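Student: I would like a close look at the strands of this chain. Please go through them slowly, with their partners and their surroundings.

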Amino acid sequence: MILQAILAASFTTVALGSICCTPKQWEGFQYAAGGYVGRFGRPGEKNGLYRVSYDATNKKVAVSGNFTRRDKVRPFKTIYDFKEDNSIEGRGHLILPEEETCTSFPLRKEFREACIPDTAAYEGSSYFGVGENMLNVKAYKVKREGRGADVSAVVLATSDECVPVVENVWGSVKRVSFFGSVNFLQLTAGIQDPAVFSPPEYCEEGTVEMLDELQAEYGILQQ
């Protein structure tokens with residue numbers, strides 16, 4: 001789904017320079033919601049809460065949550081395990097627990113660290129909360145054009161460590177107009193259990209038809 005792919009498009013970058021990058025290792029939740037209008041005027045919407053483990057040190061990402069297909073809600077987990085030398089020989093795994101299936105597939109691209117590119121425009125500073133319980137944030141606007149896409153985003157990250165807080169994305173891709181919002185919740189530093197990146201033993205090599213529906217469900221972390 002194009003909307004889901006777009007929710008990740010602005011913050012993650014392979015730009016030569018960056019204003020700041022998120023902490024190297026963190027875990028938490030992302031609530032993603034948005035709507036779109038397709039090429040033939042058909043509207044749609046997508047929302048969900050996803051658990052994310054992000055490890056830029058070891059170039060690994062794991063995401064778990066639910067997706068809806070044919071009016072049925074199903075749990076899933078995706079694991080991205082890139083090579084430490086950032087080659088294109090990494091492995092991805094799509095796990096459907098209810099069906100006890102796991103499909104492994106090659107990752108034919110490099111790991112991309114979650115950063116705000118140096119081409120982003122600084123939009124100002126603000127805060128969340130009241131009194132002593134304030135969270136200071138900085139806002140940046142990112143714009144991308146090309147290959148049939150015209151995408152803009154405003155990203156709010158903490159002023160001190162560039163921890164993501166909110167990302168709003170809008171624009172059009174291949175004549176599909178969209179708006180999406182990602183909220184980052186209950187983030188903690190580090191990886192509590194590295195086993196979160198270990199696929200089950202029953203994984204088998206194959207192709208992933210639902211990858212376009214699942215891989216970008218976690219905001220800035222689309223790989």
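Tutor: We follow the strands, then turn to cores, surface and charges.

This is a predicted model, where local features need pLDDT of at least 70 and side-chain atom pairs count only at pLDDT 80 or more, while totals for chains, interfaces and linings use all residues. Residues are numbered from 1 along each chain as its sequence is written, and side-chain values use heavy atoms, with hydrogens and water left out.

Some terms come up throughout. Strands (E, at least two residues) and helices (H or I, at least four) are DSSP runs, numbered from the N terminus. Two strands pair if DSSP finds at least two bridges between them. Buried means under 20% relative accessible area, exposed means over 50%, and partly exposed lies in between (1.4 Å probe, protein chains only).

Start with strand E12, residues 164-173. Of its 10 residues, 7 are buried, so E12 is mostly covered by the definition of buried. E11 and E12 make a hairpin with 5 residues between them. Cys162 sits in that turn with a positive phi of about 60°.

E12 also pairs with strand E13, residues 176-189. This pairing is antiparallel too, over 8 bridges. Glu167 faces Val182 in E13. The hairpin of E12 and E13 has 2 residues between the strands, and Lys174 in the turn has a positive phi of about 50°.

Now step back along the chain. Strand E10 (residues 135-146) is joined by 7 bridges to strand E9 (residues 121-128), and they run antiparallel. The bridge partner of Ala121 is Lys141 in E10. Their hairpin has 6 residues between the strands, and Gly129 there takes a positive phi near 100°. E10 pairs onward with E11 in the antiparallel sense, over 10 bridges. The hairpin of E10 and E11 has 2 residues between its strands, with Arg147 at a positive phi near 55°.

Lys143 has two partners to look at. As a strand residue, Lys143 stands opposite Ser152 in E11. As a charged residue, Lys143 forms a salt bridge with Asp150, with the closest N and O atoms 2.7 Å apart. A salt bridge is a side-chain nitrogen of Lys or Arg within 4 Å of a carboxyl oxygen of Asp or Glu. Lys143 is partly exposed because its relative accessible area is 47%. Asp150 is partly exposed at 31%.

Next comes strand E6. E6 is mostly covered, with 6 of its 7 residues buried. 5 bridges join E5 to E6, and these two run antiparallel. Thr78 stands opposite Leu94 in E6. On to E7: E6 pairs with E7 in the antiparallel sense over 7 bridges. There His93 has Ser104 in E7 as its bridge partner. The hairpin of E6 and E7 has 4 residues between the strands, and Glu100 in the turn has a positive phi of about 55°.

What lies inside? A nonpolar core is a set of buried Ala, Val, Leu, Ile, Met, Phe, Trp, Tyr and Cys residues joined through side-chain atoms within 4.5 Å. The largest such core has 21 residues. Those with the most contacts inside it are Tyr54, Val61, Phe76, Leu94 and Phe111. E5, E6, E7 and E13 are among the elements that give two or more residues to this core. A second, separate core has 8 residues, including Val155 and Cys162.

Last, the remaining charges. The whole structure holds 5 salt bridges. One of them joins the side chains of Arg74 and Glu99, at 3.3 Å from N to O. Arg74 is in strand E5 and Glu99 in the loop between E6 and E7, 25 residues apart. Arg74 counts as buried because its relative accessibility is 18%. Glu99 is partly exposed, at 42%. Another salt bridge joins Arg91 and Glu205, with the closest N and O atoms 2.3 Å apart. Arg91 is in E6 and Glu205 in strand E14 (residues 204-205), 114 residues apart. Arg91 is partly exposed at 27%, whereas Glu205 is exposed at 55%.
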